[in-house]
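These are my notebook entries from one sitting with the model. I wrote down what I looked up and left the rest alone.

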Amino acid sequence: MDSKIDSKNEVPILKNKIGLEKKDYAGGASTLCTGCGHDQITNHIISAFYGLDIDPYDVAKMSGIGCSSKTPGYFMNKSFGFNSMHGRMAAVSTGAKIANHRLTHIGMSGDGDSISIGLGGFCHVIRRNLPLVYVVANNGVYGLTKGQFSATSYKDSTLKSGEKNPFETIDICTLAIDLGCTFVARSFSGDAKQLVPLLQAAIKHHGTAVIDVISPCVTFNNHDGSTKSFSWVKEHDVSLQELGFIEATEAVNVDYEEGSVELIDMPDGSKLKIKKLVSREHDVHSRLAAMKVLYESKANGELLTGLFFIDENQKNLIEVLELPQQSLASFQGMDLRPNDLSFKKIMTNFS
Amino acid sequence: MSQVNDFVINIATVNGSGSQSANTILLKTLFRMGIPVGGKNVFPSNIQGLPTWFWVRASKKNYTGRRELADIVVAMNPQTLLSDSKLVKTGGVLLYNSDMRFDLGNLRKDILLVAVPIKQIVDSVAAQGKIKKLLANIIYVGVLADLLELDREILNSAIKDQFDGKESVVDVNQQALEKGLEYSKNYLKKENFPYRAEKQDEVNSQTKGKIMIDGNSAAALGLICGGATFSAWYPITPSSSLVENFSKYAALLRKTDDGKNKFAVVQAEDELASICMVLGAGWAGARSFTATSGPGLSLMQEAIGYAYYAEIPSVIWDVQRVGPSTGMPTRTAQADLLSSVFASHGDTKHPVLIPGTPGECFEFGQVCFDLAERLQTLIFVLSDLDIGMNLWMEDEFKISSKAYDRGKVLSEDELKKTTNYFRYQDVDGDGIPFRSLPGVKHPAAPYVVRGSGHNSKAQYTESGDEYLEVVDRLTVKWQTAKTLVPKPLIDQKKAKVSIVAYGSAESAITEARDLLRKEGIETNYMRIRSIPFSLEVEQFLSEGQRIYLIDLNKDAQMLGILKMELPQLGNQMISLRHYEGTPITADKISEFVIKNERG
Ligand SMILES: Cc1ncc(C[n+]2csc(CCOP(=O)(O)OP(=O)(O)O)c2C)c(N)n1
Ligand code: SF4
Ligand SMILES: [Mg+2]
């Protein structure tokens with residue numbers, strides 16, 4: 001980052017490598033409740049893109065419906081956005097990405113949006129390994145419809161009214177791992193140190209990157225008896241690793257004890273730095289280990305956060321479809337109309 | 001004297017028995033002999049073991065629509081032998097598999113019975129195993145080849161093409177064909193056979209420059225020529241073969257020099273996803289479509305309203321089938337008209353293109369994207385099973401030379417020269433705003449597309465006035481659409497009686513009008529090809545005295561829409577409805593009109 005002195009105010013103005021200030025990544029004013037976890041996520045997304053020197057024009061912001069799905073309006077005004085339908089973010093993103101895979105797509109969704117009405121889309125976008133940063137802002141309730149239980153609420157957790165949830169919870173991370181997701185992480189909206197590098201790695205990831213971000217709903221699910229409140233998360237959050245992100249252009253000089261830090265190569269040469277915590281030995285390249293560590297932590301009553309699984313070697317959907325470098329959207333008439341000769345040849349099948 | 005180049009053959013078999021190849025060979029042979037033909041497949045929603053019928057109509061008068069009765073019935077299915085025998089016209093022929101050991105002696109005195117011991121003939125062919133089972137079908141083709149005097153050389157070429165030149169398969173089929181012919185020569189009395197096919201020479205050929213094609217293949221080719229780069233779909237009869245053919249032909253026609261695909265097809269998890277993928281791609285600037293049928297259309301509702309309100313170019317190709325719910329998936333209807341025009345909740349109205357032939361499927365496959373992008377909206381194309389899956393004779397397709405109309409899209413350079421660009425503002429007074437595509441690097445370009453209330457600047461709103469500004473513009477756009485959609489086809493004879501039809505009813509019209517003319521009733525004809533109705537539709541209706549409107553649905557859906565859109569004209573029409581799942585016949589139309597005219 002460069003810093004220049006503004007002659008009038010004498011305050012240093014920070015700019016990233018493409019000459020943009022952080023405010024160039026801002027969006028409209030948020031209309032969410034004051035203190036909503038989703039607004040924290042918005043800020044971390046701004047930091048992540050700013051820090052990666054990504055031009056907002058090269059990003060498309062996708063979402064479904066819900067308070068969480070409103071967030072694309074609150075970051076990166078210079079990016080196009082698609083605030084779609086309830087549960088349809090994944091499918092809409094699939095079409096948008098295929099039409100123009102040169103853009104980076106970030107999908108914002110909620111636990112209702114992804115794990116109830118959009119569960120089919122969630123599963124199938126993962127199966128296809130669409131290059132997509134898939135953020136589930138998980139508050140355990142339907143915020144926008146005023147606080148009904150969602151499918152990620154824990155069994156026996158309570159609503160504000162005291163009503164108990166009689167049903168099992170769906171765990172976004174174990175589900176994603178089971179579905180073959182190539183990047184699975186969990187974080188907390190209040191944990192910038194963990195979430196920003198996770199978002200940055202997800203942005204650089206080759207396929208679908210699911211981040212389950214616990215994001216408290218201060219209005220409907222921040223009471224005692226909730227397992228998605230700020231206090232509950234703070235008390236139960238256990239970090240699996242310390243994370244850092246190193247851009248491709250940065251020199252890698254980390255001093256660390258032998259074996260305690262792993263550098264994961266992202267496709268563009270950047271690296272995700274994982275500092276393992278002594279008591280938590282976990283291999284992020286093993287689905288089995290990821291499942292085990294998640295099940296164990298849950299049994300211990302912990303909320304485990306961090307990167308659980310990553311695989312940069314699977315083909316993504318764009319590769320499976322054998323698309324050219326050029327985006328499909330940019331092809332014009334002369335590129336698309338068949339030539340007369342090959343068309344005539346096909347006509348002979350019908351005579 | 002035999003009836004030449006004018007007969008209907010109905011071949012009754014069991015599905016999954018491989019009769020399709022034999023029937024295609026028969027049809028293609030007649031076609032290549034220069035005789036106009038049509039082929040209609042009546043099949044069950046089932047993979048194996050249920051009755052299926054294939055109707056071949058040869059007609060030097062170009063009447064290729066369905067008829068109630070056949071001149072020749074080939075009865076191969078014991079389950080339906082009895083009812084099939086009733087489908088033979090008086091004076092016609094029942095050619096039946098005599099292995100069935102069924103005493104037909106007293107069944108019908110008014111037709112010619114021709115017994116063919118299929119099994120015995122198959123056994124005389126030196127072939128083994130699975131293939132042998134399939135030969136039963138080619139035997140009846142052999143018998144018919146002798147009786148109808150089909151051209152041997154052409155027949156051989158049709159066999160070769162059918163089996164893709166695979167020598168062993170071609171050989172064994174030719175052998176079986178030969179045995180069928182031989183049997184006929186030795187045991188059947190050709191002089192009693194009332195029908196004959198006569199090859200037309202180059203000059204007289206009625207099929208020169210023509211092709212035999214189904215509407216789904218035609219649509220696939222049209223969509224490719226029309227620049228479709230993306231399709232998402234979920235399999236459903238009778239639309240599946242459309243996207244399957246799109247994939248097949250795009251793989252041949254749409255590669256980059258280094259072998260990459262200039263197209264993408266995704267088989268989605270359901271129709272909710274398929275239409276949403278199409279919207280994502282349409283928003284991003286690709287020409288994209290989905291193909292579906294009734295149940296799929298129902299699932300797509302929410303997204304259809306989104307496309308309308310957020311103004312995303314997109315295409316739904318609906319190959320209609322019969323009934324509410326699952327209905328009868330393998331039968332034809334035009335019953336999705338209302339649920340297309342007014343699809344989705346809230347105030348919506350969508351342009352609908354209605355092809356009447358595979359040729360128009362090819363044409364509309366190209367036109368639909370120009371309209372979707374020009375009008376920035378979702379366009380429906382309503383085909384049906386009769387057009388989509390049956391074989392029609394059409395002029396050979398030629399790719400349109402008209403440049404694509406990509407509509408009002410602002411590039412970076414254009415944006416630099418534009419002040420005050422707002423996504424949903426009507427600048428030209430035609431109700432169509434300008435749009436910008438993701439990836440365009442200009443501060444005015446980006447916007448968040450949303451299905452929630454938005455103003456002309458694409459900002460969220462809950463203001464009534466701002467809401468009105470956008471939706472009232474959509475009404476202006478609807479008016480503009482009237483000037484752009486395909487015009488009706490009109491044959492104005494200044495007669496007192498007019499017939500109005502749309503879609504696949506076309507196949508019965510020429511014959512119906514000829515029948516009426518013979519009865520002294522001259523008719524005008526208009527085939528509606530799109531909604532909203534252009535001025536020509538209004539004018540034709542205002543000039544008519546007694547107007548018969550044909551709907552292939554129960555509740556006269558087109559009549560309903562005409563009454564709504566043209567209230568001053570819609571009330572004078574006499575409604576003829578046909579909705580049992582079969583294509584309408586010329587007889588049904590002419591009898592209905594005669595009855596009404598004569599009182
Ligand atoms: C098809 C449909 N059904 C229901 C709704 C109503 N609705 C709006 S938001 C929402 C739940 C959102 O919950 P979640 O995705 O968890 O987002 P949050 O508001 O909690 O961030 C529902 C049910 C809708 N918009 N569309
Ligand atoms: S209702 Fe809950 S989720 Fe919605 S904005 Fe308020 S705090 Fe956030
Ligand atoms: Mg929620």
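Entry 1, conventions. I take axes as lines fitted to C-alpha atoms, for helices over the stretch in contact, with angles running from 0 to 180 degrees between N-to-C directions. Helices (H or I, at least four residues) and strands (E, at least two) are DSSP runs, numbered from the N terminus. The model is predicted, and I kept to its rules: local features need pLDDT of at least 70, side-chain atom pairs count only at pLDDT 80 or more, and totals for chains, interfaces and linings use all residues. Residues are numbered from 1 along each chain as its sequence is written, chains are lettered from A and ligands numbered from 1 in the order in which they are written, and side-chain values use heavy atoms, leaving out hydrogens and water.

Entry 2, first helix pair. Two packed helices are described by the angle between their axes and the distance between the axes. I looked up helix α1 (residues 19-32) of chain B against helix α4 (residues 129-148) of chain B: the axes come within 8 Å and cross at roughly 20 degrees. That makes α1(B) roughly parallel to α4(B); angles under 35 degrees count as roughly parallel, over 145 as roughly antiparallel, 65 to 115 as roughly perpendicular and the rest as oblique. I noted the crossing of α1(B) past α4(B) as right-handed. The term means that the near helix is turned clockwise from the far one by less than a right angle, and left-handed that it is turned anticlockwise.

Which residues make the contact of α1(B) with α4(B)? From α1(B) I listed S19(B), A22(B), N23(B), I25(B) and L26(B), and from α4(B) N137(B), I138(B), Y140(B), V141(B) and L144(B). Contact means heavy atoms within 4.5 Å. By class I have seven nonpolar, three polar and no charged residues here. Ala, Val, Leu, Ile, Met, Phe, Trp, Tyr, Cys and Pro count as nonpolar, Asp, Glu, Lys and Arg as charged, and the others, Gly among them, as polar.

Helix α7 (residues 215-225) of chain B packs with helix α13 (residues 358-375) of chain B at about 30 degrees, the axes 7 Å apart. I therefore put α7(B) and α13(B) down as roughly parallel to each other. Their crossing is right-handed. On the α7(B) side, the residues in contact include G215(B), A218(B) and L221(B), and on the α13(B) side P358(B), C361(B) and F362(B) are among them. The class count for α7(B) with α13(B) is ten nonpolar, four polar and no charged residues.

D111(A) in helix α3 (residues 111-115) of chain A and V141(A) in strand β7 (residues 141-142) of chain A are 30 residues apart, a pair that links distant parts of the chain. Both D111(A) and V141(A) are buried. Buried means under 20% relative accessible area, exposed over 50%, partly exposed in between (1.4 Å probe, protein chains only).

Most residues other than glycine have a negative phi, and most peptide bonds are trans. I logged a cis peptide bond between T237(B) and P238(B), with omega about 0 degrees. P238(B) sits in the loop between β10 (230-233) and α8 (240-253) of chain B. The bond from I531(B) to P532(B) is also cis, with omega near 5 degrees.

N62(B) has a positive phi, near 70 degrees, and lies in the loop between β4 (51-59) and β5 (70-75) of chain B. K494(B) has a positive phi near 55 degrees. Is K494(B) buried or exposed? At 69% relative accessibility, K494(B) counts as exposed, whereas N62(B), at 41%, counts as partly exposed.

V37(B) is in strand β3 (residues 37-42) of chain B and is buried, with a relative accessible area of 0%. Leaving out residues up to four places away in sequence, V37(B) touches F31(B) and M393(B), among others. T207(B) is in the loop between β8 (195-196) and β9 (210-214) of chain B and counts as buried at 7%. With sequence neighbours up to four places away left out, the contacts of T207(B) include F31(B) and M393(B).
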